[in-house]
Amino acid sequence: MFDFADNSARFIERDRTAASVLLGALDALQPALKPDDPVLVVDDGAGEVVAALQGRCTLTTWRRFASVGQTATPFPGPGAHALATLRLPRSREALELALHLIGARLAEGAPVLVYGHNDEGIKGAARRIEEIFGSVEVVDTRKHCRVLLARRPTSPPAPFRGQLSDWRRVKPFALEDGPIDMVVYPGIFAHGGLDEGTAMLLAALPDPPAGAHVLDFGCGSGIIGAALLRRVPDLRVQCLDFDQVAVQAARENVPTGLHRCGASWSALPAYSRYDRIVSNPPIHLGRDNDYGVLKRLVEGAGIRLLDGGELWIVVQRQVPVQKVLQDEYAELSCEAESTRFRVWRAAAPFAP
Ligand SMILES: C[S@@+](CC[C@H](N)C(=O)[O-])C[C@H]1O[C@@H](n2cnc3c(N)ncnc32)[C@H](O)[C@@H]1O
């Protein structure tokens, strides 16, 4: 039996542990931070690093990923920082992007400290850091965490690519009804390519009626909205994702849409209602399964559907979503299935 519980509390605890190890290392390395030293704090999950450094230096923060109550931006502001910290990003591509964006905003010789848990891949991150900065050292290992330090070299192995636009690529996504060119950036879902589940969802989904309001929940590059707009050009599409870099791609791929960055329903206008809510929802947090977002999507979609509206999702077969859907919707059908995925259509939500 799968635990459908929201694991986010556990992840906040992990962030806290990693941050405590970083702060220990930081105290040992930088005992004399001055109030006007500019410091860049990146993806400080639980806010522990900012809280500890407040008042000791001049803080700038960058969060790529929004969380409830925390906004995000696609890249850090300008600067020549005396120090930067980076909570290990969830993918190799996102790490590479973050290291370049940070490297370009460090003063010469200034350190960046990258920290994370061993089981998140912090050991393997060392090689990537070395490739970009020229050298790396381990400065702390405690509580199954590791802190790595690199300094901005006078001449890095290759110049830092410090603008998000330096990373923009256009990839053809091979949809059933023909290829579609998509703008992608590093760290977007499915390595910025077409996911098998998304392709299956789009193939199973009938065209929404002309002028329909469609929500692409967890939009990534915006492939769902872009593909539906190609089929029905006057749809009114909203794209939501908690990753600002993904939202930036969706802005470019779905230029007529409305784009929101946030981790929950509250990121959307309270009055918005939809004829279709369509999603390939996230089922992982880091490397672990987590169905919290899926649960909140299924439970929260009902009151946001217009009369006759439908929720369409694609989920891996092993995810026990059927029961949660049955609890919320009077009409439920599996519209397509493969050895890996099922596409669900849910309608007629029970009154809240
Ligand atoms: C499985 S991917 C699907 C992406 C895209 N729709 C596609 O089909 O390629 C799930 C997406 O949900 C986003 N996501 C994860 N947690 C989220 C949350 N709490 N709120 C909104 N989006 C979230 C991820 O950034 C990712 O882009």
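The structure is a predicted model, in which local features need pLDDT of at least 70, side-chain atom pairs count only at pLDDT 80 or more, and totals for chains, interfaces and linings use all residues. Residues are numbered from 1 along each chain as its sequence is written.

**The open sheet**

Strand β9 (residues 213–217) and β12 pair in the parallel sense over three bridges. Two strands are said to pair if DSSP finds at least two bridges between them. Helices (H or I, at least four residues) and strands (E, at least two) are DSSP runs, numbered from the N terminus.

On to the next neighbour: β12 and strand β15 (residues 305–316) pair in the parallel sense over five bridges, and Val-278 has Trp-312 in β15 as its bridge partner. Is strand β12 enclosed or open? Five of the six residues of strand β12 (residues 274–279) are buried, so it is largely enclosed by the rest of the structure. Here a residue is buried if 20 or more other C-beta atoms lie within 10 Å of its own, exposed if 12 or fewer, and partly exposed in between, with C-beta atoms placed from the backbone.

These strands belong to an open sheet of seven strands with mixed pairing, in the order β11-β10-β9-β12-β15-β17-β16. At the edges stand β11 (258–261) and β16 (329–337), each with a single partner strand, so one side of each is left without a neighbour in the sheet. From one strand to the next, the twist averages 15 degrees; axes are lines fitted to C-alpha atoms, for helices over the stretch in contact, and angles run from 0 to 180 degrees between N-to-C directions. Gln-238 has Leu-258 in β11 as its bridge partner.

**Strand β6 and its partners**

Elsewhere in the chain, β6 pairs with β4 and β5. Strand β4 (residues 111–117) runs antiparallel to β6, with seven bridges joining them, and β5 also runs antiparallel to β6, with five bridges. Five of the seven residues of β6 are buried, so β6 is largely enclosed by the rest of the structure.

The table collects bridge partners from both regions.

| Residue | Bridge partner | Strand of the partner |
|---|---|---|
| Tyr-115 | Val-147 | β6 |
| Val-138 | Leu-148 | β6 |
| Gln-238 | Leu-258 | β11 |
| Val-278 | Trp-312 | β15 |

**Two positive phi values**

β5 and β6 form a hairpin with two residues between them, and Lys-143 in the turn has a positive phi of about 50 degrees. Most residues other than glycine have a negative phi. Lys-143 is found in the loop between β5 (137–142) and β6 (145–151). Lys-143 is partly exposed, with 13 other C-beta atoms within 10 Å.

Phi of His-191 is near 50 degrees, again a positive value in a residue other than glycine. His-191 lies in the loop between β8 (178–184) and α5 (196–204), and counts as partly exposed with 13 C-beta neighbours inside 10 Å.

**A loop proline**

Which residues does Pro-74 touch, not counting residues up to four places away in sequence? They are Leu-164, Gln-244, Val-245 and Gln-248, where contact means that the C-beta atoms, placed from the backbone, lie within 7 Å. Pro-74 lies in the loop between β2 (58–62) and β3 (83–87) and counts as partly exposed, with 18 C-beta neighbours inside 10 Å. Pro-74 and Tyr-115 are 41 residues apart in sequence and 21 Å apart in space, C-alpha to C-alpha.

**Around the ligand**

Of the 18 residues around the ligand, Thr-198, Gly-218, Gly-220, Ala-263 and Pro-282 come nearest. The elements that give two or more residues to this shell are α6 (223–231) and β10 (236–241). The shell divides into eleven nonpolar, four polar and three charged residues. In this scheme Ala, Val, Leu, Ile, Met, Phe, Trp, Tyr, Cys and Pro count as nonpolar, Asp, Glu, Lys and Arg as charged, and the others, Gly among them, as polar.

**The chain as a whole**

There are nine helices and 17 strands in the chain. The radius of gyration is 21 Å, close to the 20 Å that the globule rule gives for 352 residues, so the chain is as compact as a globular protein of that length. The radius is taken over C-alpha atoms, and the globule rule is 2.2 Å times the number of residues to the power 0.38. Of the 352 residues, 44% count as buried.

Definitions and conventions. A residue is near a molecule or strand if its C-beta atom, placed from the backbone, lies within 6 Å of it. Two residues are in contact if their C-beta atoms, placed from the backbone, lie within 7 Å.
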